[in-house]
Amino acid sequence: MKSLKELEDSLTELDQQALADNAQLDVILNTLSTPLNWFKSNELSVSDQLTLIRHATWKRHVWHVLKDIIPRWHFSLTSPTYRPLIESSLSCVSSNPEVGFAMVKVSLPILIDCLSSKEAQLDTLEIYASCLKYVAFDKHVFRLYTQYVTKQDVDFFCNLLCSIPGHLANVFGVQLDQVFFNSQHAWYFDRNFYAKMSNRLAETITNDTQSILFAKELVSKVTRQGYENILIENIYTQAKKSPEIWSLVISPSFNQLIKPILHYIKHTVLMAASINQASKELARILFSQLEATQIYLEEFLNTALLKLSKSSWADDTLARFAICTLIHVQGLDSSGLSSASTEWIIKYTKRLIETWSDPTFIKHASSREHNYITTAMLCLIAYLPNDIIMHTIMAQTSLFHSVSAYFHSGDMVTAQLGAVVAEAITGRTEPDKPIDTGLLDRSPELKKMKSLIDTKDAFSEDEQNEIQLNEIESESEQEEEDEEDELDPDAIYGSEEEVEESDDEFQAYQMEEESDDEGLKKEELSKSKAKKPVFVRDLIRYLQDQSDPLKLEIGLNAAEQIIRQKTGAGTTELSEYGVELAKYLIAFPETFEIDNYRNLQQNALIALIIAVPETVTGFIIDQFYDRNTSSGQKQLLLSVISLSVRELSNWTSTITNAKEETRKELEMVGTTLFVSKRMQLQKKNQGKVQKNRLAGLAGSLFFFPLLVGWWEGAQGRIRYWVGNDKVLTEKFIMTLNIILHCATNLPEKSSIVKEYFDFISSMRYASHTSLGIKKALLLGIETIINTSYRGQEVYLIQHYTKELSETRDWLEDMIENQSEAALQEKAIGILVRLSQIATSHS
């Protein structure tokens, strides 16, 4: 048995033999396998093995293997026969687990350091990438991290593991034209890498202190890098099996993980489970091991019921689920809610009523926020008995006073929400004489919202899965029966004689020839007979019938004129049916050849936004970010938003043809008998002084919702995110520029400019920005300097000092690094203007 000193000398000698110029393959294999045999044999104790690995000689050996031997012998060592030798040199999992961990602790940083070598060839880099995949994803190696990482090493390992995608992307990005990105390389793309690593963590974690310590730090690291959605998608199934472990793991990143957890449950878990069942599972996962449950529960409810009110996916299902989770955390008793659950529900009912009653919220919040807060409030009240509603909620809050404020808001949609609350609560507390405003009669959605006051998911039995399974089984049986009964369309049934008789019975005869002109005449005749829609509801029916191209063409041609006629006419048609009309206009089929189809569609949508901006703008922006909306439709919607903003701000000097026709139709028909000078003056001044309808809408309806959707997509890094399309991104920025320009004289200008600077700051570091995107960003900066704050340069310098400084640095970098002359010229012009402003007001 050799001593440790002799083993160190032997290891040094093996390295020297392998590095010799005349070394053969058998020498290389001996250098790799001999040290591994020492660890597999029983000659060395575990402590001696650990001492050898922690010695500088072993570190030097691994360095020579990775830095010198692999580049020289990559053509031989890449074969499946010898690859296990390289992997075992990094971490020998067949030996003692503690020894394997000590090996990977040495080899992982050396392996990442080798990637930075400028002399490495592509084949060598491929082997390095394969080795990194082994130490990052091999189940046996990853289990070593969860078992043996200490408190001192946890940051070291988590940082190294999470740096692998960036290092590999940088290395192979340099040689992008030489690499074929197939499944061999897809594993280190961020989304795939963190999904696989999260899955490995879920598989190998144990209820051990060191394992939980490593999991906490890795989860926090992944969350900080912005991949929390991917993390939750891959650990949630395992978290349900061991909630006591994951409750501790999630706690350091609790605030950041609430939103992705709720998003995953809303879009995945609740597709197959009832709200009651899913909320029980989440209550165990999040709160089973937390010491300060009250603090975490309050943060959970604040996020679910208040902060997410602006999210496009927040609806009654989310609110019901969050409240049901609260009840399962605080508990139930034999009579219903526990006293703790009742206290929490009363507390958050009052908090939501306070938000719902705020005059600023009533006037300036979006329709999405209004709907969600109203929904959550009714879901909370549903669990309270009538005496608490009457003597606690009604007596201690200004709920009914606020209902009156909703009725007197001057907006039908807002008034309907007040009617929902009034009718729902009186229906519970005064069933004999409930309030009936009549405002909900034509809205199934609002009636559904009203019914939430009777929905108590926490008390429902988990029968949903059985019902779904039964439905699926019955559907499959029915499909099998249908398949059995279905006849082959190509088969001939009956005898040959019957077929021959049928052939003789139906003899072909000559038809009169029909010319193309006669076909056109028939089509024109059918058009003349078809009636033009008069009301908005009729227009929707025409656009709904996608099987009748004639109705579609008539409806599309009449859409803009009908909408313009109904604008300001004192009817509520557009407010009631605006969203439905917008849906059919956006989804208008492209399969029919209709003259000037795109312009007609665009003009109709513009007229709709002009008529009822508060009703339809939010829906149109949601459709813009919807994954099912095509790229062409998204470009159309951006054009619609831009032109609508311009018209609302009276930027355009000409009136559209449809608007002019409508005005002529509404004028008095007949012969002028005399001319009033007062009327002439009113008509003359009417064109000079016009109200800027964009005031109060530019930020809340257009600019901020557009950016909210942008940030949500950027955070999730989804494939269909608008920012992944350079053409759409450029058009998106130009749309923001138009809104910015039109908001020059509006009160919300400063908040829009502030948000625009933040947007520019994020785009400066985007690697995919094209020349067109940069030009659009420069145009926005130029608009702020030369238009938004023209004559207000002192205010600009005082309130945006940091933003202007960062912009100046970016422009200077652009001038140095950008070869495009037009871009440099524009950047220089803005720099000169900034210098003039700074000099004149210094």
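These legends accompany close-up views of a predicted model. Local features need pLDDT of at least 70 and side-chain atom pairs pLDDT 80 or more, while totals for chains, interfaces and linings use all residues. Residues are numbered from 1 along each chain as its sequence is written, and side-chain values use heavy atoms, without hydrogens and water.

**View 1. The largest nonpolar core has 163 residues.** A nonpolar core is a set of buried Ala, Val, Leu, Ile, Met, Phe, Trp, Tyr and Cys residues joined through side-chain atoms within 4.5 Å. Buried means under 20% relative accessible area, exposed over 50%, and partly exposed in between (1.4 Å probe, protein chains only). Residues with the most contacts inside this core include Leu132, Tyr145, Met197 and Trp246. Met197 touches Phe137, Phe142, Leu161, Cys162, Leu218 and Val222, leaving out residues up to four places away in sequence. Contact here means heavy atoms within 4.5 Å. Another core, of 91 residues, lies apart from the largest one; Ala604, Val612, Leu701 and Leu811 are among its members.

**View 2. Helix 6 (residues 97-114) packs on helix 7 (residues 122-137).** Helices are DSSP runs (H or I, at least four residues), numbered from the N terminus. The angle is about 145° and the axes are 10 Å apart. Axes are lines fitted to C-alpha atoms over the stretch in contact, and angles run from 0 to 180 degrees between N-to-C directions. From helix 6, Val104, Leu108, Leu111, Ile112 and Cys114 meet Tyr128, Cys131, Leu132 and Val135 of helix 7. This contact divides into 9 nonpolar, no polar and no charged residues. Nonpolar covers Ala, Val, Leu, Ile, Met, Phe, Trp, Tyr, Cys and Pro; charged covers Asp, Glu, Lys and Arg; the others, Gly among them, are polar.

**View 3. Helix 40 (residues 771-788) packs on helix 42 (residues 801-817).** Their angle is about 140°, with axes 13 Å apart. That makes helix 40 oblique to helix 42. Leu777, Leu778 and Ile781 in helix 40 meet Thr807, Trp810, Leu811 and Met814 in helix 42. By class, the contact holds 6 nonpolar, 1 polar and no charged residues.

**View 4. Ser198 sits in helix 11 (residues 190-204).** Ser198 is buried, at a relative accessible area of 3%. Beyond neighbours within four places in sequence, Ser198 contacts Leu231, Asn234 and Ile235.

**View 5. Ser47 lies in helix 3 (residues 46-54).** Ser47 is partly exposed, at a relative accessible area of 46%. Ser47 and Glu98 are 51 residues apart in sequence and 9.7 Å apart in space, C-alpha to C-alpha.

Definitions and conventions:
Helix = DSSP H or I, 4+ residues; strand = E, 2+ residues; numbered from the N terminus. Parallel < 35°, antiparallel > 145°, perpendicular 65-115°, else oblique.
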